[in-house]
Amino acid sequence: MNKTKIDWCDSTVNPVVGCPNGCKYCYGNVLNKRFHYAKNWACPEYRPEQLKKLKSKKSKRIFIDSMSDIGTWKDEWLEEVLLAMQIFPQHQYIALTKTNIAVLNKKRDEFCKKYEGKLPLFIGKTITMQSQVDALGEDEITDFLSIEPILEPLDLTLILGRTRQLIIGAETGNRKGKVIPQKEWITQIVEQADKRGVRVFMKGSIRKIMGNDFRQDRLIWG
């Protein structure tokens, strides 16, 4: 199980590597160009041997798709990974997607019904710009929202009732055209979240930007 510098989880395990979303700021694609995890980043590859890492007896918060998007996995891959989660329920599994989260929630519920159990899987929706906020369907209720990287000011007023916590972070790396967020963008989000009682967790990538206003509310999984 890989240790990680991601400050809202303990470890990463990646049973799938690669993503077809084509985000220009994707750190996974950058790493893949350097270390060649997948032959073609845009064509995800299934690595079931990675699931052996879940045998750790110590309970951990595991980011299960740091090198992919769980919403783009084939159904048979997803079912095998969910079965592994059920076998090793001592962990909390955290995933992110840019796809329709209502579809993923339905698949998770159907799996639990089929196998008569619960899953310690928490799925978050990634948003980076206002157009993605505005495109969220009314049925897209999420365990958390990940605003990373934040690329512009965001009005979350209409969607904060569908989540209970936010993770906010800036783009990392040295990409040409890299967006450096302004403190005002983040402050505006925090004010909106506080009015709705939504927790805010700021990643270390915006610590310098926020200064004394940097905060990391305790995230709730479960």
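I looked up burial first: 47% of the 222 residues of the protein chain count as buried (under 20% relative accessible area, with exposed over 50% and partly exposed in between, using a 1.4 Å probe and protein chains only). I note that this is a predicted model, in which local features need pLDDT of at least 70 and side-chain atom pairs count only at pLDDT 80 or more, while totals for chains, interfaces and linings use all residues. I number residues from 1 along each chain as its sequence is written, and side-chain values use heavy atoms, with hydrogens and water left out.

I then looked up the secondary structure and found six helices and 10 strands in the protein chain (DSSP runs numbered from the N terminus, helices being H or I of at least four residues and strands E of at least two). The radius of gyration is 17 Å, close to the 17 Å of the globule rule for 222 residues, so the chain is as compact as a globular protein of that length (taken over C-alpha atoms; the rule is 2.2 Å times the number of residues to the power 0.38). I recorded a C-alpha trace spanning about 45 × 40 × 35 Å along its principal axes.

Next I turned to threonine 163, which I found in the loop between strand E8 (144–147) and strand E9 (165–168). Is threonine 163 buried or exposed? I record threonine 163 as buried, with a relative accessible area of 10%. Leaving aside neighbours within four places in sequence, I list its contacts (heavy atoms within 4.5 Å) as Thr142, Asp143, Phe144, Leu145 and Val198.
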